[in-house]
Each structure stands twice: as structure tokens, then as C-alpha cells.
Amino acid sequence: MDPSPPDLERRLPAERSAARELLAGAMQRVGLLETPVPAAAERWIETFLDAFPDAPTLRAALEEVGALRAEAVTLPALELERLRNREVLFFLDAVAQYVDDQPELRELPLERDLPAIADEFGIAHTDALAAVRMALTGAAQGPPLALLFPLLGHERIMIRIGAVSSHILHGRGLEPIRFGPGGTPFETIHGVRSPATGEPARES
């Protein structure tokens, strides 16, 4: 049975154990969590509360939970265009492989590892992090990736990255649009190669 409207508009308590109990109960009532709550799910809820400390109501929290549980996300058209580049797709595929190799996604040194992967394709670190976030969430802002990765889990991360690559390659391919809004020239995220070596340029 779904929570009644008054339940959904209830604010999450500031006290952690009370917030955890309220959210777990609501997730059970909408079919997002089994009973009794497994230990892994308790850790997931703890991570969720760290990632979304400002969720104002139970309704907002459940909407975020639902978005995290979805297998796919919708990217804004222009953001999808920014990813329409061979180096970006190779980079995202490498991130998926990196995730697949990890036995545990909690406390990964992503601030070190993702830029290192980006360097292999000459992609600027800020662009690389933005590409990962957009591929995984369809949004430019959100929780730290270090919290987002364990919330999504191995399978959803790989499915979402694969969906973005498939959408690009089986749509118009790697040919980007020429102009953006207002007729301004449009550029994708792209790797930069060293003119001296032809290899991907590393960001200093």
C-alpha cells in the first residue's frame, strides 16, 4: 500500500536513526525494499542519507530513490551532443570496465582514478567528470560521485553507460551537430592530442 499523502509530505528528521527508519518504512510500503531490511540495504540507506542530506520531504527522498533504481536516464539533447565523440565514448567504456573490475564501489579513490582514466584519452578532468555524471544521472549537478557509485551499483552504472553509447552510435553516429542554440558553433567534449607525439595530452 502506498504511503498516504500526509506521510509523503513529512520532513525527514535531522536525527539519523529516525530518518533511516522513516525512509526504510516508506520504501517498504511502495515496494522498493523487502522486509526485513537486509544489512546491505541498511548501508545503502545510510549512503543515500549522506548523498541527499537536503531532501526536504519523504516524497522528495522517494523520488530520488526511484531515480537511482531506474535502469536508464534521459539526457538533455545538447548534453547528449557534447558526448558525441569517439574519445568520450572510449573513456566512458573504460569507466564501465573499471567499475566492473571493482569488488566494492564504496570508498573508491575516484578523485584519482577517473582523471587517470581520462588522461588515457586526453580528456580534461573537468570534462571527464562532467561526462560521467551526465551519463549516469542525466544531470549536471548532484551528489559526489564517490557516493553515487555505490548507490547505483555495478550493474546500473554499466547499463546506463552502455545505453548512452548505444543511443549515440545507433542514432546519428559520431557526427555532431554543427551549430548550437542561437547559431553559435557547437563543440563536443573531445580529447586533445600532443602535436609532438600524437598521443593523448595529459592534463597538468
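Colleague: Is Phe48 buried or exposed in this model?
Modeller: Keep in mind that this is a predicted model. The cut-off for buried is under 20% relative accessible area. Phe48 comes out at 0% relative accessibility, so Phe48 counts as buried.

Colleague: How do the rings of Trp44 and Phe48 sit, stacked or edge-to-face?
Modeller: A search of the whole structure turns up two aromatic pairs. Trp44 and Phe48 form one of them, with 5.7 Å from centre to centre and 15° between the planes. Planes under 30 degrees apart count as stacked, so the answer for Trp44 and Phe48 is stacked.

Colleague: Where do Trp44 and Phe48 both lie?
Modeller: The two are four residues apart, about one turn of the helix. Trp44 is buried, at a relative accessible area of 10%. The helix that holds both Trp44 and Phe48 is H3.

Colleague: Which residue has its charged end over the ring of Trp44?
Modeller: Trp44 also belongs to a cluster with Phe48 and Phe52, linked by ring pairs. The charged end we want sits 4.8 Å from the centre of the Trp44 ring. It belongs to Arg69.

Colleague: How far apart are the end C-alpha atoms of helix H2?
Modeller: Helix H2 covers residues 16-29, which is 14 residues. At 1.5 Å a residue, H2 should span 20 Å. The model agrees, because the end C-alpha atoms of H2 are apart by 20 Å.

Colleague: What covers the buried residues of H2?
Modeller: The buried residues in H2 are Ala19, Leu22, Leu23, Ala24, Ala26 and Met27. Their cover includes two helices, one at 39-51 and one at 58-69. Those are helix H3 and helix H4.

Colleague: How many salt bridges does the count come to?
Modeller: Some of them join up: Arg16, Arg20, Glu46 and Asp50 are linked in a network of salt bridges. Another is formed by Arg106 and Glu104, at 3.8 Å from N to O. The count comes to ten.

Colleague: How many residues apart in sequence are the parts that Arg82 and Asp127 tie together?
Modeller: Arg82 forms a salt bridge with Asp127, and their closest N and O atoms are 3.8 Å apart. Arg82 lies in helix H5 and Asp127 in helix H8, so the pair ties together parts of the chain. Those parts are apart in sequence by 45 residues.

Colleague: How far apart in space are Ala131 and Ala24, C-alpha to C-alpha?
Modeller: Ala131 lies in helix H8 and is buried, with a relative accessible area of 1%. Leaving aside neighbours within four places in sequence, Ala131 is in contact with Leu83, Val88, Leu92 and Ile189. Ala24 is 107 residues from Ala131 in sequence, and the C-alpha distance between them is 32 Å.

Notes
Residues numbered from 1 in each chain as written. Predicted model: local features only at pLDDT ≥ 70, side-chain atom pairs only at ≥ 80, totals over all residues. Heavy atoms only, no water. Salt bridge = Lys/Arg side-chain N within 4 Å of Asp/Glu carboxyl O. Expected span 1.5 Å × (residues − 1). Buried < 20%, exposed > 50% of the residue type's maximum accessible area, 1.4 Å probe, protein only. Contact = heavy atoms within 4.5 Å. Phe/Tyr/Trp six-rings, centres within 6.5 Å; stacked < 30°, edge-to-face > 60°. Lys NZ or Arg CZ within 6 Å of the ring centre and 35° of its normal.
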